[in-house]
Amino acid sequence: MDGFLRQTAHTLLQRGGDLKAVRIILPNRRAGLFFKKYMGQLAEGPVWMPAIATIEDLFYEMARKRPADNLRLVYEMYQVFSALSEVKEEFDRFYFWGEMILKDFSDLDQFLVNPEKLFTNLKEQKILDSDWSFLSREQIALIKAFWASFEERDRYYQERFLQFWDLLFPLYQGFNARLKSGGLSYGGAIYREVAEGLQGMDMPATHHIFVGFNAFTRTEEKLIRYFIEHQGAEIFWDIDRYYINDPAQEAGLFFREYLKDPVFGPTFPGEIPAQIERRKARIQTYTVPLKINQANLVAGLLEQSLGELEDLEETVVILPEEQLLFPILNLLPDKVRQVNVTMGYPVRQTPVYTFLEAVLELQRYTKIENEEVVFYHKPVKELLHTVFLRENNPDFSTEILEELRRTNTIYLPASKLAAGGKLFALVFQKLLSSNLIEVILDLIRLLAEGLQEHSMEQTYLMQCYKQMNRLKDIFDQDIKEAVSVEFFIRIFRQVFAEIKLPFQGEPLEGLQIMGVLESRNLDFKRVIVCQMNEGSFPPSNSMNSMIPFNLRRAFRMPVQEQNDAIYAYTFYRLLHRAEEVHLIYATAGANGQVAEKSRYIHQLQIEMANEQISRRDKVVHVPVDLTPAKAISIEKNVAILDFLSRYTDKRDPEQPAMSFSPSAINMWLDCRLKFYLTYIAGLETPEKVEEEVDPAIFGNLVHLSLENLYGNYLRSKKSNRVESGDLERLRDLIFPAVEKAIRSQYFLETDEEVNLGGQLLIARDVLQKYLIGVLEKDAAKVPFEIISLEADRKYRAQLPIKTADGVVNVSLGGIIDRVDRVGNAIRLVDYKSGGDRKDFKSIESLFDRQDNSRNKAAMQTFFYGLLYQANFPENKLPLLPALYNLRDIFKEDFNPYLQEGTGTKSKKQVMDYADYSERYLQELTSCLEEIFNPTQVFDQTADLKKCQYCPFSEICCR
Ligand code: SF4
């Protein structure tokens, strides 16, 4: 395709002459690469390639210097600022402003502004009447307008502004003097030095051709003008009549000015090309709901229109924002085998940066306990979940995460975490200001060693390494004093905030993906532009400057208007030669706001004829999958049946014996799939380490506290009998019993101070009250005997059932919170901290999965009756299943015993498990037979309410 750069190359070759003596100056390096390629393609024999450089190169070469690193420059400025300002500012806090001031200084130098005049306090407008003859009336009016509006501001604002404004000129002077003495400089200062010293400079002997420029800074303008006047330099303009001839078109703003200029005007072609007008292909516009949907659309467009043999490098995807880069790369059709990316990608969005930030963040959550460094569990978990640590030592990461979950540990010792290997030891150590940067650099090196095969990650790491080394130089050479970790983290974030990874793909083959400004001077047959939204293309007002708008304008510094003109030109020039144009915008913006279509699309739809552009945007519907998620059902295969046999006396003796608890039976009745996932597949419920007291933790604390209270007391009394005198003594033991439970729950040492957070403090008080309530209720039953407590024993039983392999004995097991003998009855007590009911419809209802009000707690306490009777077959005493529902413990009519019958019907209290055992065993047997039935699949419950809090709801899409 005959694009601008190709045509320029063609013209130069046609002209002949000594190309060795020619130097081509282009706006950016990318254009230079393409130009070189076209020269190579078009040259018919061996020819000298002209030298190619950017305008920046030309300035730096003439000045014989290059700008210093930004971080270094901001630090130098900080030194001057600290000496001038009465306000003591820390470097990291100054950094943000420092970068902005540096940019302003660079701008004013590039635009040859007199800094003394600009930063003069013009509050007293009389000054403006003298010695300002270099300004036009219009410029003076703008300055006056600013200071007049300034007068209207409140006093506080005025004082603050003047304090700052008065500092800027001395800062500019001091900064430049300091840099000069240190042999340093910044971009704008170099440009000014060259532009102001052109008369006395040795000019390069080569013939200069400036190609594809749009908006010059004043220094560029001066230099190019000088080259044209004194050296006969040429300019090749990349332009179109469409926007130059129409004064309303912002894209032509600069060209219209240059056309009137006595030096630049004659460099324009006699007839300005009318490529946009003559173009035949239609521009298609699209609207998609979300930004991310554009990636799918781009993939679809590429799929549709790319022929197998087509030259992909004729197609460009323009991305005004970087976030779309990876989604688009991930969705590219298979036929796109080569891709060339040219754009900056923010380092902050890379996984490596996130990891390093997490390593530093960890340092904020460290403390010393028992002379050992310990880390808070949350940042530790985040790090262990990162791909870097997981892949380095997967078993160790999993093990620690598992332990964290299981033990509810809040702080982990560094030594334990460092045992994972070299990388773990580097990450999990307490960093000191003296070794901080070195450790991070070591860390990057170590990560790079492990990522040899991942070129993308290597690139990220290299960039981070480079930045960290820059930081190290600054700290070593200049800051010298030790910095706090906090300070370092802040400066780390500041420095990385603006850094972009320069993707500059080469060779120039394959599909081209690039940012907006990178597309300058390049022409493509097929153009796809994403994110054609206001705020993206054109970008929103991004002119960060300390210099007020009116003053920038008055001193001919660039303002937003110029910025807009540059973007408009970049957009329109994409249309110069394109044969197929697709413009895509999204309707939803960030935070649910409506995103606006770019003004460029509106403009084109108004300006162009129907044949040139679609009047209506093609609405791209994102298909919503309304088909319900496929039902999950697991059939019992040999392996599953074999696994189930572990619950029976037919098990392989090598395999551990297992028993069904009442919870397992309840889960089977609730949802057979959940039972499968938990008891057969062994999926763990992802539990969180809880510092706050959720209902499950509170339930644990209830059990532990009551166990401690009675267990400790009876052990010291050496008797299981509780009499009235014991209850007073037990009351005094409530507080230590609760404290011990909390220590045990949170794995705290016996003598370790318990620092209770807000919720835990409340929970402790509530627990003490509940224990008082239990003792009060127990007082009414004295004397009684405690037969067993939770920790004392696990009750077991065998139940014969019929299976396909004949009769087998199934193991049942359970822990009963408390078994006591009150009078002539044995009570099987289950402590409950929730709102469990004690009434139940019938024994059958306890196993009826269709019954929404099935009483699971009653099913469980009857199960204890079965277990107890099986363990003490000689027992003749009545067994009383009881629920100590602690929420009701203070009620006058508190009654812990189960009652048959629900609603208003008269209820019958369960006086002995034996009265119900036959029916209960029958139901339980049939339930177990269902579990062992080879044809009974593990399917999902039909009752969606049960899925509400199920940990597997994501698996089930419920
Ligand atoms: S989400 Fe529902 S269907 Fe799936 S396992 Fe849990 S309870 Fe069963």
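How are helix H4 and helix H8 oriented to each other? I would like to begin there, after a word on what we are looking at. The structure is a predicted model, in which local features need pLDDT of at least 70 and side-chain atom pairs count only at pLDDT 80 or more, while totals for chains, interfaces and linings use all residues. Residues are numbered from 1 along each chain as its sequence is written.

Two packed helices are described by the angle between their axes and the distance between the axes. Helices here are DSSP runs of H or I with at least four residues, strands are runs of E with at least two, and both are numbered from the N terminus. Axes are lines fitted to C-alpha atoms, for helices over the stretch in contact, and the angles run from 0 to 180 degrees between N-to-C directions.

For helix H4 (residues 70-84) and helix H8 (residues 155-181), the angle is about 130° and the axes are 9 Å apart. H4 and H8 are therefore oblique to each other, given that angles under 35 degrees count as roughly parallel, over 145 as roughly antiparallel, 65 to 115 as roughly perpendicular and the rest as oblique. Their contact involves, among others, Met77, Val80 and Phe81 of H4 and Leu167, Leu171 and Phe175 of H8, where two residues are in contact if their C-beta atoms, placed from the backbone, lie within 7 Å. By class, this contact has nine nonpolar, two polar and two charged residues; Ala, Val, Leu, Ile, Met, Phe, Trp, Tyr, Cys and Pro count as nonpolar, Asp, Glu, Lys and Arg as charged, and the others, Gly among them, as polar.

Let us turn to a second pair. The axes of helix H16 (residues 351-362) and helix H17 (residues 377-385) come within 9 Å and cross at roughly 155°, and H16 and H17 are therefore roughly antiparallel. Ala358, Val359, Glu361 and Leu362 of H16 make the contact with Pro379, Glu382 and Leu383 of H17, a set with five nonpolar, no polar and two charged residues.

Now to the backbone. Most residues other than glycine have a negative phi, and most peptide bonds are trans. Asn370, in contrast, has a positive phi near 50°, and Asn370 sits in the loop between strand E8 (366-369) and strand E9 (372-376). The peptide bond from Phe537 to Pro538 is cis, with omega near 5°, and Pro538 belongs to the loop between strand E13 (526-529) and helix H25 (549-554). A cis bond also runs from Val782 to Pro783, with omega near -10°, and Pro783 is in the loop between helix H34 (758-779) and strand E18 (784-789).

Which residues lie around the ligand? They are Cys671, Leu673, Lys674, Gln940, Thr941, Lys946, Cys947, Cys950, Phe952, Ser953, Cys956 and Arg958, where a residue is near a molecule or strand if its C-beta atom, placed from the backbone, lies within 6 Å of it. Helix H30 (672-680) and helix H37 (953-956) are the elements that give two or more residues to this shell, and the shell divides into six nonpolar, three polar and three charged residues.

Finally, the domains, whose bounds come from an automatic or database domain assignment. Among them are domain 4 (356-497) and domain 5 (633-686 + 790-956), and the centres of domain 4 and domain 5, taken over C-alpha atoms, are separated by 48 Å.
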